[in-house]
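Subject: Structure handover and findings

Hello,

Here is the structure we talked about passing on. My notes follow directly below it.

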Amino acid sequence: MDFAYPRPQLQRANWTSLNGSWRFRYDDDLAFSCPQDIRDWPQTITVPYPPESQASGIGDRGFHKVCWYQRDVEIKPGQDRVMLRFGAVDYAARVWVNGQLAATHEGGHTPFAADITGMLDPSGRQVITVRAEDDPHELTKPRGKQDWQLEPHSIWYPRTTGIWQTVWIERVPRTYVDKIRWTPRVEGFQIGFEVRVRGDLADDLSIEVSLSHGERLLARDRYQVVDNEVDRFIVLSDPGIDDYRNELLWSPERPTLLDARIRLLRGDKVIDEFTSYTALRSVHILRDRFMLNGRPYVLRLVLDQGYWPDTLLTAPGDEALRRDVELAKAMGFNGVRKHQKIEDPRYLYWADRLGLLVWEEMPSAYRFTRTAIKRIVREWTEAIDRDYSHPCIIVWVPFNESWGVPELTAVREQRHAVEALYHLTKTLDVTRPVIGNDGWESSATDIIGIHDYDANTEHIRQRYGKEIPPEQLFDRRRPGGRVLTLDGYPHRGQPIMLTEFGGIAYVGKPEPGVKKVWGYTKAETAEEFGRLYQELMHTIVHTALFSGFCYTQFADTYQEANGLLNADRTPKVPLELIHAATTESRTWIPGTL
């Protein structure tokens, strides 16, 4: 396992990973309510891999509502605070330290932490116990692509239960920085900087922040902490002319990051320090175009499910996350739509570092109830809070294909839910576009996203060609049997993007245990697969109506064999040929495989 520091934008030196071997057991009879009830631990699991995965050492994909984890940790109490942090536990977690309840959290895709300083045993031997509850049949919780049937079917995949991201211990000062947030404003060459301080009350606190690009110092400012917070704009020297400005702007073609060193001082004494990074990057909508750094920018995205054969939702390690970013770029895409998953922050780090745009999408619940909406609102709010500062993220997507709100045309409450989530997202982040419901039945949205898996290129031309008047597109053409926009929400000139298409299935390398593959269109040979991809991409790229697209999909995922890559990330046809078709830089030559 090559797991790196889990919070790349607030990185401290003094931390200890708790990934590795933990005691484990299921609790199918719901017999235990606290650690003291458990007398034996019949299994051992490798964290952070979920118990359904082979890498965990368990490999049990049956129905289990509750599981327990426990391990011993050596932590000597000191003068500082000790924080216990979890990247993600699916779905509801309760955490004890030495038999004392330390934390509870609901939401399977977002982090939480506990200050366990007052619970530490003076001997240094600490016992951490985790109870994870994740009812496999519960459809009112955000679960994304996790199947409710015993065996994965259609476009649904194996479940992920319990701990599935890194667990770690971090030592922080008695008074410490708990959170930071970056907000770039390219038009003024400014970067908003917010800090929240927690812990013991202290007088005369200040924050010092230094921003640099390579060896070049861009700014060093110091701000007084008032009411445990700082909220300021750091103004950089604006060179004015584009050629010089572009050296500091972030884009997929030039992913310039600005390194930050932040120190918390009491008087002139440094009491906390860590590193971070940010970028100068702007995104917005101008009429029918997506704008990056004030210029029209065509989005070439690939849909990425974020699963691996042996580890499920958990990446095998940090290198696997980096490799996925590199492969998306090698295939000619400038971004990914992370589908039904709040991805590991380390993936976002590599997207920031290497230059890959990311659409972040909320995993769906599948029943519409008040409980479901409350859960979505809480977890989506936490996800935006976690990922707000990543320059790679350019769009937020609260709903997909009316999942969880299946009667938008008829049920007023469901329409209100989509509109509310759109406006909540715009309130939490005014700097990025939001798609209220991607695919069809759009209402409140900054981009009209269309999902259309027709592989017949002539049909695509007839449906979206320049001779088709807009009123016919929105009133008569209905991919998926759904209207594109709801009554009262006509097209207002927003960008139109084909945000799901393709889905060409070709089994380049059969995945063990998969008996029946699935796809929207099937190819029998690598040659046919490549030709269909090139023809479809040529048609989409030259359809002037679209200001961006998202091809389905990045890699085969269990029975869904419509990836450009096999499940193990080997390409089905040469990467350079995929790149040529994606970017229209070269014509596909039959017989070249």
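First, the residue classes: Ala, Val, Leu, Ile, Met, Phe, Trp, Tyr, Cys and Pro count as nonpolar, Asp, Glu, Lys and Arg as charged, and the others, Gly among them, as polar. The model is predicted: local features need pLDDT of at least 70, side-chain atom pairs count only at pLDDT 80 or more, and totals for chains, interfaces and linings use all residues. Residues are numbered from 1 along each chain as its sequence is written, and side-chain values use heavy atoms, with hydrogens and water left out.

Cavities

A cavity is a set of points, on a 1 Å grid over the protein atoms alone, where a 1.4 Å probe fits but cannot get out; a pocket is an open set with protein on both sides within 12 Å along at least five of seven lines; lining residues have an atom within 4 Å of a point. Grid points are joined across faces, edges and corners, and a volume is the space filled by probe spheres set on the points.

The whole structure holds 4 cavities of 30 Å³ or more.

The largest cavity has a volume of about 70 Å³. Its lining has 2 nonpolar, 4 polar and 6 charged residues. Glu52, His64, Asp134, Lys141 and Arg159 are among them.

Largest pocket

Elements are DSSP runs numbered from the N terminus: helices are H or I with at least four residues, strands are E with at least two. Those that give two or more residues to the lining include β5 (81–86), β14 (190–199) and α4 (370–387). β13 gives the most, with 6 residues. By class, the lining has 16 nonpolar, 7 polar and 13 charged residues.

Strand β15

Buried means under 20% relative accessible area, exposed over 50%, and partly exposed in between (1.4 Å probe, protein chains only). Strand β15 (residues 205–213) is largely enclosed by the rest of the structure, because 8 of its 9 residues are buried.

Two strands pair if DSSP finds at least two bridges between them. β15 pairs with β18 (residues 258–266) in the antiparallel sense over 8 bridges. There, Ser206 stands opposite Leu265. β15 also pairs with β16 (residues 216–224), antiparallel, over 8 bridges. His213 stands opposite Arg216 in that strand. β15 and β16 form a hairpin with 2 residues between them, and Gly214 in the turn has a positive phi of about 65°.

Helix α2

α2 (residues 318–330) has 13 residues and reaches 19 Å from first C-alpha to last, close to the 18 Å expected at 1.5 Å a residue. The expected span is 1.5 Å times one less than the number of residues. Its buried residues include Leu321, Val325 and Leu327. Gly332 follows the helix, with a positive phi near 95°.

Pro122

Pro122 is found in the loop between β9 and β10 (125–133). Is Pro122 buried or exposed? Pro122 is exposed, with a relative accessible area of 69%. Pro122 and Pro77 are 45 residues apart in sequence and 6.3 Å apart in space, C-alpha to C-alpha.

Best wishes
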